[in-house]
Amino acid sequence: MATGSAPPARETALALWQRGERALDAVSGSALNPMRHLGALGFQCFWLLAVSGVVLYGVLDTSVAGAYRSIAELSRQPWYLGGWLRSLHRYAADAFVVFMLAHLLREWLFGRYRGFRRFSWLTGVPLLLFAFVSAIGGFWLNWDRLGQFSAIATAEWLDALPFFASPLTRNFLAVASVGDRLFSLFVFIHIGMPLLLVFGLWFHIQRLSRAAVFPPRALAVGVTLALLTLALALPVANQGAADLAIAPATVALDWWLLFVHPLMYASSAGALWLLVGATLSLLFALPWLPQPAAPAVARVDPANCNGCRRCFDDCPYAAITMVPHPNGRIARQLAQVNADLCASCGICVGSCPSATPFRSAAELATGIDMPQRPLNTLRLAMESQLAALQGDDRIVVIGCDRGARVTALEGAGVTSLSLICAGMLPPSFVEYALRAGAAGVLVTGCREGGCEFRLGALWTQQRLFGEREPRLRASVPRERIEVTWADAGDEPTLVEALNALRRRVAPVARPAQMGVRHG
Amino acid sequence: MDRIPSRPTPLAWVGQFLLYGVFALVIGVFSRWPQYRHLEDNQALIKLSFTHAGKRVAECRQLSADELAKLPPNMRSTMKCERERAPVRVEVDIDGAPAVRHVAEPSGLSKDGASAVYQRLTVAAGEHRIAVRLKDSAGGSGFDYQREQTVKLAPAQILVIDFDAEKGGITLQ
């Protein structure tokens with residue numbers, strides 16, 4: 001995985017993270033690896049919170065006198081259903097921040113905060129604030145000793161700002177100070193903030209096509225069952241009704257959500273403000289720090305674009321729009337690339353029906369292409385590399401710059417081509433390689449759920465298996481093709497796949513070669 | 001070319017079961033443990049908090065005829081009252097030892113708002129002699145309000161030192 005000129009500490013942390021991902025791949029498979037679906041898992045927890053929260057709001061008495069009692073009564077419902085629901089709500093909130101922070105960490109480690117991803121990063125940072133404000137506010141609604149502790153600690157923290165004419169803490173000096181109006185404010189915070197969160201999440205995924213707002217079904221079921229079991233096994237208990245005459249000396253703190261309070265008491269309110277301000281400022285500033293020059297974006301050739309919309313459909317970042325074709329023909333469209341949104345992944349090239357190496361033009365020109373690695377260059381490279389190989393069992397390995405290094409496989413009878421993303425591969429390229437003399441083709445890219453450009457590996461797999469346009473033709477012998485997904489550092493998997501392919505395409509087992517036919 | 005079968009092996013099932021178990025355990029454990037001790041067993045809390053507007057820095061005075069003449073006709077009020085208020089100075093002694101020495105500036109750009117104070121003091125539970133002094137006027141060196149009282153605080157009890165002019169000034173409750 002290339003992350004440009006990342007600091008050594010980040011590179012080390014990234015290597016550790018990837019090691020962890022591979023370890024979990026062995027357990028759950030890359031498609032169901034939770035470390036590869038952190039954003040979607042965050043969404044899932046949010047849906048769980050929303051559903052359980054609506055029910056809880058229905059039974060909550062939003063008055064000072066009634067709040068604690070109504071929640072306590074909930075726990076006495078038959079079959080413990082109310083307490084189960086309340087516990088699920090709490091644990092879903094805990095899991096939400098865990099997934100959210102892990103998602104943030106992963107994106108940072110992979111350097112996904114700059115360039116075309118800047119928008120998603122910048123719209124993601126405020127979500128941290130919304131999530132924690134909402135979560136902390138939820139504890140106050142219960143108005144037990146933990147809620148009392150959290151409300152007063154928050155008020156003391158806010159009072160450090162020079163904005164309030166009267167200290168907020170005065171609202172919690174005596175029993176009579178806390179009124180139902182203050183409780184209405186608590187409700188507003190706990191419900192208003194999630195609404196802001198929904199709004200923010202909508203912005204956050206605006207520039208993604210097919211954003212994953214639900215994890216794969218098996219993963220969603222696993223996480224939900226885990227939280228439900230936890231809610232049953234370790235139910236969340238009230239910690240005694242709030243009493244403003246008595247300080248909650250010891251509380252069973254939810255460290256996932258309330259760690260800021262001990263942090264403040266261990267330092268000071270000012271120090272905590274400084275820490276929060278510095279952290280948020282740094283997160284906001286990250287995309288503006290010096291960074292490598294952005295690669296060239298996809299380029300459309302109007303003469304070869306027939307307006308088929310496949311690139312429009314397949315672009316993972318909604319960087320392509322369709323506009324009227326300049327040739328003036330009625331209903332004819334032309335793809336147009338928005339340079340600010342383009343990830344320079346080349347997935348659009350793989351989707352373009354004109355991107356076929358069988359075209360007879362001396363210089364292959366496609367409807368859409370990557371200037372830094374045009375398809376014509378790739379075709380020439382493959383032809384020359386194949387010609388340089390000896391023997392009847394020549395293999396072409398086609399991979400991507402982000403996945404396992406395909407150059408590591410080069411040797412006797414094996415040549416390789418590395419694309420920007422596996423999704424850049426037009427399926428006809430595989431057939432072309434076979435017709436040009438290759439005995440077999442090994443296609444690889446990042447593991448499922450690990451594609452640097454989200455959908456590249458998935459699209460290529462679907463195209464090769466005939467499930468997505470442009471499809472690999474049915475007449476192409478499938479036994480001469482191997483598809484294996486392997487991340488950077490996972491080269492041994494590639495070697496295994498190569499050996500398997502070699503055994504299949506050994507000259508004794510292979511019928512007569514196909515010939516190259518342009519047209 | 002075949003799709004890699006996605007059916008997990010029995011070992012993978014066990015692994016996933018453990019994975020979700022560890023996930024739930026970590027979430028559950030740190031949602032309640034370790035307990036956070038905010039106060040020691042034998043400690044009590046004193047909260048000094050008030051919002052009180054100090055007296056005006058200058059007394060209201062009658063404007064002279066010359067001063068009135070310089071004003072626009074619609075602004076010729078005979079009394080001139082400065083808006084600025086005096087800062088409120090507060091001192092608290094606990095068992096004879098100084099615990100708080102604080103000057104609360106008036107709020108507002110023109111310093112015409114109330115002065116606010118909030119401070120928490122952790123003390124050992126038991127009997128204490130509390131002396132509170134408050135000055136809200138600009139001139140003089142003495143205090144405008146004073147109160148001294150012996151209180152007995154139970155562990156974790158909160159004593160609030162407030163100021164309420166209607167109740168005679170400094171209150172301990």
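Buried means under 20% relative accessible area and exposed means over 50%, with partly exposed in between; these words are used in the legends below, which describe a predicted model.

**Figure 1. A salt bridge in chain B between Arg37(B) and Asp41(B).** The side chains of Arg37(B) and Asp41(B) come together with a nitrogen-to-oxygen distance of 2.8 Å. Arg37(B) has a relative accessible area of 37% and is therefore partly exposed, whereas Asp41(B), with a relative accessible area of 58%, is exposed.

**Figure 2. A salt bridge in chain B between Glu67(B) and Arg61(B).** Here the side chains of Glu67(B) and Arg61(B) meet at 3.4 Å, taken from N to O. Glu67(B) is partly exposed, its relative accessible area being 29%, and Arg61(B) likewise counts as partly exposed, at 39% relative accessibility.

**Figure 3. A salt bridge in chain A between Asp25(A) and Arg36(A).** The side chains of Asp25(A) and Arg36(A) form a salt bridge with an N to O distance of 2.6 Å. Asp25(A) belongs to helix α1 (residues 8-28) of chain A, while Arg36(A) sits in the loop between α1 and α2 (38-59) of that chain, so the pair ties together parts that are 11 residues apart in sequence. Asp25(A) is buried, because its relative accessible area of 6% falls under 20%, and Arg36(A) is buried as well, with a relative accessible area of 7%.

**Figure 4. A network of salt bridges in chain A that includes Asp25(A) and Arg36(A).** The linked residues include the acidic side chains of Glu21(A), Asp25(A), Glu107(A), Glu452(A), Asp487(A) and Asp490(A). Among the arginines of this network are Arg36(A), Arg106(A), Arg112(A), Arg117(A), Arg402(A) and Arg447(A). A search of the whole structure, taken over all chains, finds 33 salt bridges.

**Figure 5. The crossing of helices α2(A) and α7(A).** The axes of α2(A) and of helix α7 (residues 180-204) of chain A come within 12 Å and cross at roughly 150 degrees. The two helices α2(A) and α7(A) are therefore roughly antiparallel to each other, and α2(A) passes α7(A) in a left-handed crossing.

**Figure 6. The residues that meet between α2(A) and α7(A).** From α2(A), the residues Phe43(A), Phe46(A) and Tyr57(A) take part in the contact. On the side of α7(A), they meet Val187(A), Ile191(A), Pro194(A), Leu197(A), Val198(A) and Leu201(A). The residues of this contact of α2(A) with α7(A) divide into 9 nonpolar, no polar and no charged.

Definitions and conventions. Residues are numbered from 1 along each chain as its sequence is written. Chains are lettered from A and ligands numbered from 1 in the order in which they are written. This is a predicted model: local features need pLDDT of at least 70, side-chain atom pairs count only at pLDDT 80 or more; totals for chains, interfaces and linings use all residues. Side-chain values use heavy atoms; hydrogens and water are left out. A salt bridge is a side-chain nitrogen of Lys or Arg within 4 Å of a carboxyl oxygen of Asp or Glu. Helices (H or I, at least four residues) and strands (E, at least two) are DSSP runs, numbered from the N terminus. Buried means under 20% relative accessible area, exposed over 50%, partly exposed in between (1.4 Å probe, protein chains only). Axes are lines fitted to C-alpha atoms, for helices over the stretch in contact, and angles run from 0 to 180 degrees between N-to-C directions. Angles under 35 degrees count as roughly parallel, over 145 as roughly antiparallel, 65 to 115 as roughly perpendicular and the rest as oblique. A crossing is left-handed if the near helix is turned anticlockwise from the far one by less than a right angle, and right-handed if clockwise. Contact means heavy atoms within 4.5 Å. Ala, Val, Leu, Ile, Met, Phe, Trp, Tyr, Cys and Pro count as nonpolar, Asp, Glu, Lys and Arg as charged, and the others, Gly among them, as polar.
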